[in-house]
Amino acid sequence: MPRRYWLMKCEPTAYTIKDLKRDGTTCWEGVRNFQARNIMRDDMQIGDSVLFYASNADPSGVTGLAKIEKTAYPDRYAWKTGHKYFDARSTKDKPVWFMVDIAFVEAFTNTVPLATLKSTPGLEDMMVTQKGSRLSVQPATKAEYNIVAKLGRKLQSL
């Protein structure tokens, strides 16, 4: 199966690209949107490339690159009573929520801000640049991934 490309959003107060660099790999838990869950569960494959996006940041934007390390498996936090991701509908026999593992690839010295993404030729149709696009896990094209990676590396050398 050909490699796919994704953008995954996380708030810096929860986890950052620097955290991923330190940890090497992490599980991407806590997704509680059915469309994002379906993408992770049904479409993500080992080796797929990820744009790591800091949301609700100053500025919000892509902070580095990662890859899918492990395909979807049940989100165990949904079963932990009292945990912020607990969901009584999800059981070990019939899990509702899933997570994937991602691995660190590269951190950018500077964030590629959303404003830059919106003004860069070739990214006009990128989901994250569309008004009202709030999905935390979203597809990207190979061309979009390559443009953003190039921008991130360019901003490093400034």
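This is a predicted model: local features need pLDDT of at least 70, side-chain atom pairs count only at pLDDT 80 or more; totals for chains, interfaces and linings use all residues.
Residues are numbered from 1 along each chain as its sequence is written. Local features need pLDDT of at least 70, side-chain atom pairs count only at pLDDT 80 or more, totals for linings use all residues, and side-chain values use heavy atoms, without hydrogens and water.

**Exercise 1.** Describe the lining of the largest pocket.

Solution. 
- A pocket is an open set of points on a 1 Å grid over the protein atoms alone, where a 1.4 Å probe fits, with protein on both sides within 12 Å along at least five of seven lines; lining residues have an atom within 4 Å of a point.
- The largest pocket has a volume of about 790 Å³, a volume being the space filled by probe spheres set on the points, which are joined across faces, edges and corners.
- Its lining comprises 27 residues, with Lys9, Cys10, Glu11, Ser55 and Ser136 nearest the centre.
- At least two lining residues come from each of strand E1 (5–10), strand E2 (25–28) and helix H3 (114–119); helices (H or I, at least four residues) and strands (E, at least two) are DSSP runs, numbered from the N terminus.
- E2 contributes the most, with 3 residues.

**Exercise 2.** Determine how many disulfides the structure holds, and examine cysteine 10 and cysteine 27.

Solution. 
- A disulfide is a pair of cysteine sulfur atoms within 2.5 Å.
- The structure holds 0 disulfides.
- Cysteine 10 is in no disulfide, and its nearest cysteine sulfur, that of cysteine 27, is 11 Å away.
- For cysteine 27, the closest cysteine sulfur is likewise that of cysteine 10, at 11 Å, which is too far for a bond.

**Exercise 3.** Count the aromatic pairs and characterise that of tyrosine 5 and tyrosine 145.

Solution. 
- Rings of Phe, Tyr and Trp (its six-membered ring) pair if their centres lie within 6.5 Å; planes under 30 degrees apart count as stacked, over 60 as edge-to-face and the rest as tilted.
- The count comes to 3 aromatic pairs.
- Tyrosine 5 and tyrosine 145 form a tilted pair, 5.2 Å centre to centre, with 45° between the planes.
- Tyrosine 5 lies in strand E1 and tyrosine 145 in helix H4 (residues 142–156), so the pair ties together parts 140 residues apart in sequence.
- Both tyrosine 5 and tyrosine 145 are buried.

Technical notes. Buried means under 20% relative accessible area, exposed over 50%, partly exposed in between (1.4 Å probe, protein chains only).
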